Amino acid sequence: MGTLGCIHDMMRRDKENRELRQRSRERMKETRRRMGECRHTEIPPTLSVEKLEKIKKQTQEKEQADRKQTFRITLYVGLIALFLILLSGIFLR
């Protein structure tokens, strides 16, 4: 009697999961369709040329600042690693 209950429960959960997967697929298709519809390739007409140039300049400045920060972090990590290697070489003698 206990085994039949477990099997029935397993079959019920399997059926529910199939239904959930089907609904999930439908939601994903709907989301993809909406994303395809709202995709804009044009520049919004509310932006002027000056604003676009300002945005471009700010973006370039941000990218340059990010590159500098990445270089500094890499340099610090490298120096710390070099220091630790040298320090371990001194103690191993």
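Helices here are DSSP runs of H or I with at least four residues, strands are DSSP runs of E with at least two, and both are numbered from the N terminus. By that rule, the secondary structure of this protein consists of two helices and zero strands. The model is a predicted one, in which local features need pLDDT of at least 70 and side-chain atom pairs count only at pLDDT 80 or more, while totals for chains, interfaces and linings use all residues. Residues are numbered from 1 along each chain as its sequence is written, and side-chain values use heavy atoms, with hydrogens and water left out.

**Exposure of the chain**

- The protein has 93 residues, of which 0% count as buried, where buried means under 20% relative accessible area, exposed means over 50%, and partly exposed lies in between (1.4 Å probe, protein chains only).

- The structure holds six salt bridges, each being a side-chain nitrogen of Lys or Arg within 4 Å of a carboxyl oxygen of Asp or Glu.
- One of them joins R12 to D9, with the closest N and O atoms 2.3 Å apart; both residues lie in helix α1, which covers residues 2–37, and they are three residues apart, about one turn of the helix.
- R12 is partly exposed at a relative accessible area of 39%, and D9 is also partly exposed, at 27%.
- Together with R13 and E16, the residues D9 and R12 are linked in a network of salt bridges.
- D14 and R18 meet through their side chains in another salt bridge, at 3.1 Å from N to O, and these two residues of helix α1 are four residues apart, about one turn of the helix.
- D14 counts as partly exposed at 38% relative accessibility, and R18 is partly exposed with a relative accessible area of 45%.

- D66 and K62 form a salt bridge whose closest N and O atoms are 3.1 Å apart; about one helical turn separates D66 from K62, because they are four residues apart in helix α2.
- At 33% relative accessibility, D66 counts as partly exposed.
- T59 lies in helix α2 and is partly exposed, with a relative accessible area of 38%, while its side chain reaches the backbone oxygen of I55 at 2.7 Å.

**Surface patches**

- Patches are made of residues with over 30% relative accessible area and no salt bridge, with like charges joined within 9 Å and nonpolar side chains (Val, Leu, Ile, Met, Phe, Trp, Tyr) joined within 5 Å.
- A nonpolar patch on the surface is formed by F71, L75, Y76, L79, L82 and L86, which together have about 650 Å² of accessible area.
- A patch of positive charge on the surface gathers R21, R25, K29 and R32; Lys and Arg count as positive and Asp and Glu as negative, whereas His and the chain ends are not counted, and the place of a charge is taken as NZ of Lys, CZ of Arg, CG of Asp or CD of Glu.
- K29 lies in helix α1 and is exposed, with a relative accessible area of 60%.

Note on methods. Areas by Shrake-Rupley, 256 points an atom, 1.4 Å probe, with all protein chains shown as cover. Polar contact = N/O pair within 3.5 Å; in protein donor to acceptor, adjacent residues only side chain to side chain.
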